[in-house]
Amino acid sequence: MQDSLDLTTLIFLGLAVFVIWKLRSVLGQKTGSERPPFNPLARREEPPAAPRDGDNVVRLPGAGPERGGAAPVATAVPRNWKGVVEPNSPAARGLDLILQQEPNFDPRAFTDGAKTAYETIVTAFAKGDRKTLKTLLSREVADGFERAIQGRERAGQTVETTFVSIDRAEIVGVDVRNRVAQVTVRYLSKLITATRGPQGQVVDGSPEKVVDVTDVWTFARTLGSRDPNWQLVATEAGQ
């Protein structure tokens, strides 16, 4: 009787070990489709769509070759870019160079992300939110923002900024050198902004007046790197 029980126990134990091993082999592996943390400047990394006539379909840089074959080589395919940048312009050629190294780059999605980044950075700067700014700015731009924030703090000033609208965000320049891409965006927006002194008095701007603002910002990223994030590397007031 005891031998029968021991044999039965061993059989069920063996089955349990086999089931656990199978589950772990399926659930314990990364599929490569895990979504990274959200960043407004990140490239939109979506699975490639089914090929269409004229599409240049290649795997994402760093994804590795297909099983049993060599990695395909990306080839620059000039696009018209009508509605994005002026066709046959330096910016259009710059977008072609980006696609040569990162075929999934979507300039329209980039522009949407740049809008979010613009509002996020302007709002964080007004609040003195250094933690948010640190992740979105290059060191040089971050140093400039930091000096401005410290100057306000020493003067006991606070800034109130409210976005009314971002009327336009358009790519006006693209430059690719030594795998570093720089994309320049012109923003047309409407803001309400006021700077208050230590006693709450308005020392600059207005808490009620809507003003039209034009800014030209440049974002940069090393193409083909594992880091998908773009950083703000230059700012200037536009005309």
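Biologist: Aspartate 167: buried, partly exposed or exposed?

Modeller: Partly exposed. This is a predicted model, and in it aspartate 167 has a relative accessible area of 44%.

Biologist: Which side chain does aspartate 167 meet in a salt bridge?

Modeller: Lysine 190. The N to O distance is 2.7 Å.

Biologist: What about lysine 190 and aspartate 212?

Modeller: Their side chains also meet in a salt bridge, at 3.6 Å from N to O. Aspartate 212 lies in strand S4 and lysine 190 in S2, so this pair ties together parts 22 residues apart in sequence. Aspartate 212 counts as exposed, at 63% relative accessibility.

Biologist: How many salt bridges does a search of the whole structure find?

Modeller: Eight. One of them pairs the side chains of aspartate 175 and arginine 177, at 3.1 Å from N to O. Aspartate 175 is partly exposed, with a relative accessible area of 29%. Arginine 177 counts as exposed, at 60%.

Biologist: Which residues do salt bridges with shared partners join into one network?

Modeller: Arg130, Glu146 and Glu153.

Biologist: Switching to threonine 218. Is it buried or exposed?

Modeller: Buried. Its relative accessible area is 11%, and the cut-off for buried is under 20%. Threonine 218 lies in strand S4, which covers residues 211-222.

Biologist: Which side chain does threonine 218 join in a polar contact?

Modeller: That of threonine 184, at 2.9 Å. Leaving aside neighbours within four places in sequence, threonine 218 also has contacts that include Gln182, Val183, Leu232 and Val233.

Biologist: Now the core. Which residues have the most contacts inside the largest nonpolar core?

Modeller: Ile98, Phe110 and Phe219. That core has 38 residues. The elements giving two or more residues to this core include helices H2, H4 and H5 and strands S1, S2 and S4. H3 gives the most, with seven residues.

Biologist: Tell me about H3, then. What span does it reach?

Modeller: Helix H3 runs over residues 107-127, 21 residues in total. From first C-alpha to last it reaches 30 Å, close to the 30 Å expected at 1.5 Å a residue. Its buried residues include Phe110, Ala114, Tyr118, Ile121 and Val122.

Biologist: What caps the N-terminal end of H3?

Modeller: Aspartate 106. One of its side-chain oxygens lies 3.0 Å from the backbone nitrogen of arginine 108.

Biologist: And what comes just after H3?

Modeller: Glycine 128, which takes a positive phi of about 70°.

Biologist: Last topic, S2 and S3. How many bridges join them, and do they run parallel or antiparallel?

Modeller: Three bridges, and the strands run antiparallel. S3 covers residues 202-205. Glycine 205 in S3 is the bridge partner of alanine 194.

Biologist: How many residues lie between the strands in that hairpin?

Modeller: Five. Glycine 200, in the hairpin, takes a positive phi near 85°.

Notes:
Residues numbered from 1 in each chain as written. Predicted model: local features only at pLDDT ≥ 70, side-chain atom pairs only at ≥ 80, totals over all residues. Heavy atoms only, no water. Helix = DSSP H or I, 4+ residues; strand = E, 2+ residues; numbered from the N terminus. Buried < 20%, exposed > 50% of the residue type's maximum accessible area, 1.4 Å probe, protein only. Polar contact = N/O pair within 3.5 Å; in protein donor to acceptor, adjacent residues only side chain to side chain. Contact = heavy atoms within 4.5 Å. Expected span 1.5 Å × (residues − 1). Core = buried A, V, L, I, M, F, W, Y, C linked by side-chain atoms within 4.5 Å. Pairing = 2+ DSSP bridges. Salt bridge = Lys/Arg side-chain N within 4 Å of Asp/Glu carboxyl O.
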